[in-house]
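Notebook open, model loaded. I'll jot things down in the order I looked them up.

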Amino acid sequence: MGFEPKKFIEGAISQMRSQVGKKHAIIAVSGGVDSMTAAAIASKAIPKQLTCIFVDTGLMRKNEAHLVSTAAAKAGIPLQVINASDKFFSSLKGITDPEEKRKIIGGLFIDVFEQAAKSSKAEFLIQGTIAPDWIESGSGLRDTIKSHHNVGGLPKKMGLFLCEPMRELYKDEVRKVAREIGLPLEFSERQPFPGPGLAVRIMGEITPQKAEIVREACAIVEEELEAAAHAKKMEMPWQYFAVLLPIKTVGVLGDARAYGYTIAVRAVESLDGMTAKACRIPPEVLEQISDRITRVLKEHVNRVVYDTTSKPPGTIEWE
Ligand code: XMP
């Protein structure tokens with residue numbers, strides 16, 4: 001018997017009701033399919049006991065706060081937007097180690113959640129954690145590939161009880177649940193976005209300026225690949241984005257010497273994110289992406305490369 005989303009939703013709703021009881025809960029949505037689906041389940045299970053927040057870390061996709069607020073309003077979920085970007089950038093200053101970044105981000109999210117929980121008197125934190133999150137974060141005999149912020153980043157003593165209705169699901173199953181529960185298509189079919197956001201797409205130290213650069217580059221990659229897929233030049237990739245490398249290389253801007261950053265473009269085919277293959281993008285589409293990135297970001301970026309690595313041995317995100 002295959003996965004049955006309707007049955008799963010009924011079970012998750014009744015389990016959440018019995019776990020949370022008459023208490024209050026908070027959930028943070030990131031705009032990704034996992035957290036939006038968890039929020040949709042929670043808004044059906046405990047609508048009057050739920051506070052839904054969106055934390056703007058400064059490391060979100062372009063126009064994300066607006067997009068998520070509009071979609072949540074359409075789905076009848078009132079959303080509180082919390083701007084915490086100063087807090088995130090100042091805590092990440094000077095940090096280059098990927099695991100350290102992830103742990104710091106996990107801790108900051110919990111600080112913000114605890115603060116929001118205090119104001120709404122919530123005792124539960126609902127999360128859209130799915131199976132690959134805790135598998136790759138290492139548990140029992142497994143090695144830690146990456147500390148997914150909603151797992152490995154959680155402090156040992158957290159003042160909130162966790163409620164994770166989708167812990168055993170894989171991405172393809174989450175999408176089935178999202179469709180069944182009636183999330184708008186732009187969310188149920190949306191490509192995954194990592195919890196730590198653009199932080200894992202900025203190699204080396206994170207600064208507000210680097211976040212702006214990679215945010216714009218990600219938006220260009222998304223727009224160009226979506227346009228190419230709609231024009232039937234290629235299949236829609238499972239995930240596609242840009243990564244900002246910390247090294248600078250020499251180029252030319254007009255008649256002058258330039259010394260700018262490199263953007264790596266990543267686009268993969270996958271079923272559940274556990275393994276992946278780099279997409280075969282038509283050369284003219286790659287060229288268009290490269291031209292646009294180096295034009296729009298000409299003050300900062302003078303080289304664009306394409307990552308052809310599979311997972312394994314690479315991972316999908318670079319950190
Ligand atoms: P990797 O990079 O490990 O990623 O091959 C597999 C999938 O998971 C996403 N990802 C995350 N998702 N929290 C999340 O919710 C995280 O910390 C995280 N790190 C990676 C990644 O974008 C890919 O879809």
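Predicted model: local features only at pLDDT ≥ 70, side-chain atom pairs only at ≥ 80, totals over all residues.

How many salt bridges does a search of the whole structure find? I got 15.

**Entry: a salt bridge between helices**

I picked out the pair Lys-171 and Asp-34, a salt bridge whose closest N and O atoms are 2.9 Å apart. Lys-171 sits in helix α7 and Asp-34 in helix α2 (residues 33-45), so this pair ties together parts that are 137 residues apart in sequence.

**Entry: overall layout**

Next I went through the secondary structure and counted ten helices and nine strands in the chain. Then I checked the overall dimensions. The C-alpha atoms fill a box of roughly 70 × 45 × 45 Å along the principal axes. What about the radius of gyration of the chain? The chain comes out at 20 Å, which agrees with the value near 20 Å for a compact globule because the chain has 319 residues.

**Entry: two domains**

I looked up the domain assignment, and it gives domain 1 as 5-188 and domain 2 as 202-306. Their C-alpha centres lie 27 Å apart. For the contact, I find 19 residues from domain 1 and 16 residues from domain 2.

How much area do domain 1 and domain 2 bury between them? The figure is about 1,400 Å², and 62% of it is on carbon and sulfur atoms. I also asked which residues of domain 1 lose the most area to domain 2. They are Lys-62, Phe-89 and Lys-101, and together they make up 33% of what the domain 1 side buries.

I ran the salt-bridge rule across the interface of domain 1 and domain 2, and it finds one. Lys-62 turns up again here: it forms a salt bridge with Glu-216, with the closest N and O atoms 3.1 Å apart.

Which elements give two or more residues to the side of domain 1 that touches domain 2? I noted α4 (85-92), α6 (131-136) and α7 (171-181). As for composition, the residues on that side of domain 1 divide into eight nonpolar, three polar and eight charged.

I then went through the backbone angles. Asn-63 has a positive phi of about 60 degrees although it is not a glycine. Where is Asn-63 found? I located this residue in the loop between β2 (50-56) and α3 (64-74).

Cis peptide bonds came next. The bond from Lys-311 to Pro-312 is cis, with omega near -15 degrees. Another cis bond joins Pro-312 and Pro-313, where omega is about 10 degrees. I placed Pro-312 in the segment after β9 (301-306), and Pro-313 lies in the segment after β9 as well.

Definitions and conventions
Residues numbered from 1 in each chain as written. Heavy atoms only, no water. Domains from an automatic or database assignment. Contact = heavy atoms within 4.5 Å. Buried area = accessible area lost by both parts, 1.4 Å probe. Salt bridge = Lys/Arg side-chain N within 4 Å of Asp/Glu carboxyl O. Helix = DSSP H or I, 4+ residues; strand = E, 2+ residues; numbered from the N terminus. Nonpolar A, V, L, I, M, F, W, Y, C, P; charged D, E, K, R; others polar. Rg over C-alpha atoms; globule rule 2.2 N^0.38 Å.
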